[in-house]
Amino acid sequence: MIKEIIFLVLILIQIINCELIYSGQDASFNPDWWQKEIIYQIYVRSFKDSDGDGIGDLRGITEQVEHFSNIGVSAIWLTPIYQTPGVDFGYDISDFERIDETFGTMSDFDNLVVTYHRYGIKIILDFVPNHTSDKHVWFKKSVQRIAPYTDYYIWHDGIKNSEGKRMPPNNWLSVFNSGSAWKWNEQRNQYYLHQFLEEQPDLNFRNPNVVHEIRKALYFWLERGVDGFRLDSANFLFESKDLSNEPKAENNTNMKDTDYYSLNHTYTIDQPETYELHHTWRELLDEYKEKDGSTRLLVVECYSPFNQTMKYYGNSTVPGAHFPFNFMLIINFNRQSNANQLQTLVTKWIKNMPKGMWPNWVLGNHDNSRIASRFDPMLVDGLHMFQMLLPGTPVTYYGDELGIRDTFVRWDQTIDKGALNVGPERYEKFTRDPVRAPFPWNYSIHGGFSYGEKTWLPVSPDYWKDNVQSEEKYKSHLKTYKQLTDLRKKPTFTHGNLHVYTISDWVFGFSRSYTDHPTYVVLINLGSEMEIINLRHIRRSLPEILMVKVSSINSGFVTGNLVSREYITLRPKAALTLTTS
Ligand code: GLC
Ligand code: MG
């Protein structure tokens, strides 16, 4: 009797931990390109240097097109390639309709588009609407109050404090921890707003001319054949009109007053007008689609509170972006996180998306530590199984397919302004240089990235072993990645439902099933001990013997191995994709 009760309780626990969170699509569902493809972010300065100046460029990218057919990627996102003084490495644009010399010419760009399209690969441009460079002619003329540029930016006289000293109009802070987001301009005798670097003045979207200029620039690139945009800092476009002070953040004890996160950003991000503007850009792209039937994608970057992030999707009558990036694996998940936290994160995004919208899974980007460093190099394969086999669009940061780590960059080599702003004691916490190192192609000098003497950032000392050429030779992260990009094309993944499981404290699992197609079960051990897994109570319909379809490099298994559903050993940080066929 006692035995039976225990058994029942056990079953109950299993049921509680197992959830059907996505019921799949019916046979008539025909996914659009952006729902099928993987979006691969190329950090242009670090991908491939064709002219030996130590900086990656457009020709380099064009030369390497076959890398993408090899790994099964058919959409690339290029970080900004427009004319720039490069203070924020391209995120400070001085002409929206020109290519920066460092990256090549307009004809290099046209060539890239033609070549990639020939291979069936889509091109997404990173577009920066929130601010320009202070070297942009609009800003120069705005400083001089030359019409119509006078109010292209956000200018203010400031206020006088009790001693009669001039001060910025409020307490708003720059994202890059340099202090006030307002900078005094001697020539114009006013402050201007810069939510990022002082070399990146914020545009004034309350000025219809600015709205028009940006729309025109987007159209310019559509006409040159791009397939969509990643909109940078998409949540920053408007600030509240009344310029109220922002409230102090709750947990700001370890922060300096100049640290951006010491305040809650209630007045400088996610304003109602911001959402409206995105809707108009979506309309522009949808209109453009009419020309040839191919969707032009709108993806937005925002590190906003969850509910505000969801609103960037818009809804079926007033659509916003195709999706806002899902940064939950960056913000809400770390080395301490357990299986239940991972389950919650998946469930939260899928269940809270507005009706009819599509999920996406971002593992990393040029602003955050790489997955191999943020978690563990051995978890890379498991995380790829996670993002490739869940419903939704996976987003890959260049180099993560190789499982490379961050490259340490000394203080004296540091060039990221956000890190320079905080000084040698704290720079390691803020610097983005280590995640932007040159891509390791092969064993040769500079990992085959450049034939020049020097590279703009140091090449990883690991390149002698972790590079494309070497990973082609053995059981590697690269090979796992390729297996997964292939596997995700199967109907079970395009159409199937999704169950998620917390199998033990540290083992997260999910399964995908679709009518009479094979079911797949993914198991990921986040922990640091070996785990013995029994799947019997978790999914009763599973056959007794399952086959290993994909295995992480550290798992001890290879594709084709058979396992009993009642006894599966999973090493620390190992992951398996099992199938019923
Ligand atoms: C975005 C970019 C980041 C850049 C910032 C300012 O967050 O990803 O790299 O520095 O916007 O444009
Ligand atoms: Mg170059």
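## Polar contacts between domains 2 and 3

In this predicted model, 25 residue pairs, both members at pLDDT 80 or more, are in polar contact across the interface of domain 2 and domain 3. On the domain 2 side, the elements that supply two or more residues are strand 5 (95-99), helix 7 (208-223) and helix 14 (417-422). That side is made up of 17 nonpolar, 14 polar and 10 charged residues.

One salt bridge is found across the interface of domain 2 and domain 3. Lys417 and Glu199 form a salt bridge through their side chains, with an N to O distance of 3.2 Å.

## Extent of the interface

The size of an interface is often given as the accessible area lost when the parts come together. For domain 2 and domain 3 the buried area is about 3,800 Å², and 57% of it is on carbon and sulfur atoms. The contact involves 41 residues of domain 2 and 45 residues of domain 3.

## Domain layout

Domain 2 covers 34-132 + 208-243 + 259-483, and domain 3 covers 133-204 + 244-258. Domain 1 consists of 2-21 + 497-579. Taken over C-alpha atoms, the centres of domain 2 and domain 3 are 27 Å apart.

Ligand 1 has 14 residues around it, of which Asp88, Asp232, Glu301, His366 and Asp367 come nearest.

Polar side-chain atoms also approach oxygen atoms of ligand 1. For His131, an N or O atom of the side chain is 2.9 Å from a ligand oxygen. The distance for Ser233 is 2.9 Å, and for Arg432 it is 3.0 Å.

Technical notes
Residues are numbered from 1 along each chain as its sequence is written. Chains are lettered from A and ligands numbered from 1 in the order in which they are written. This is a predicted model: local features need pLDDT of at least 70, side-chain atom pairs count only at pLDDT 80 or more; totals for chains, interfaces and linings use all residues. Side-chain values use heavy atoms; hydrogens and water are left out. Domain bounds come from an automatic or database domain assignment. Contact means heavy atoms within 4.5 Å. Buried area is the accessible area (1.4 Å probe) that two parts lose on being put together, summed over both. A salt bridge is a side-chain nitrogen of Lys or Arg within 4 Å of a carboxyl oxygen of Asp or Glu. A polar contact is a pair of N or O atoms within 3.5 Å; within protein, one must be able to donate a hydrogen and the other to accept it, and residues adjacent in sequence count only if both atoms are side-chain atoms. Helices (H or I, at least four residues) and strands (E, at least two) are DSSP runs, numbered from the N terminus. Ala, Val, Leu, Ile, Met, Phe, Trp, Tyr, Cys and Pro count as nonpolar, Asp, Glu, Lys and Arg as charged, and the others, Gly among them, as polar. A residue is near a molecule or strand if one of its heavy atoms lies within 4 Å of it.
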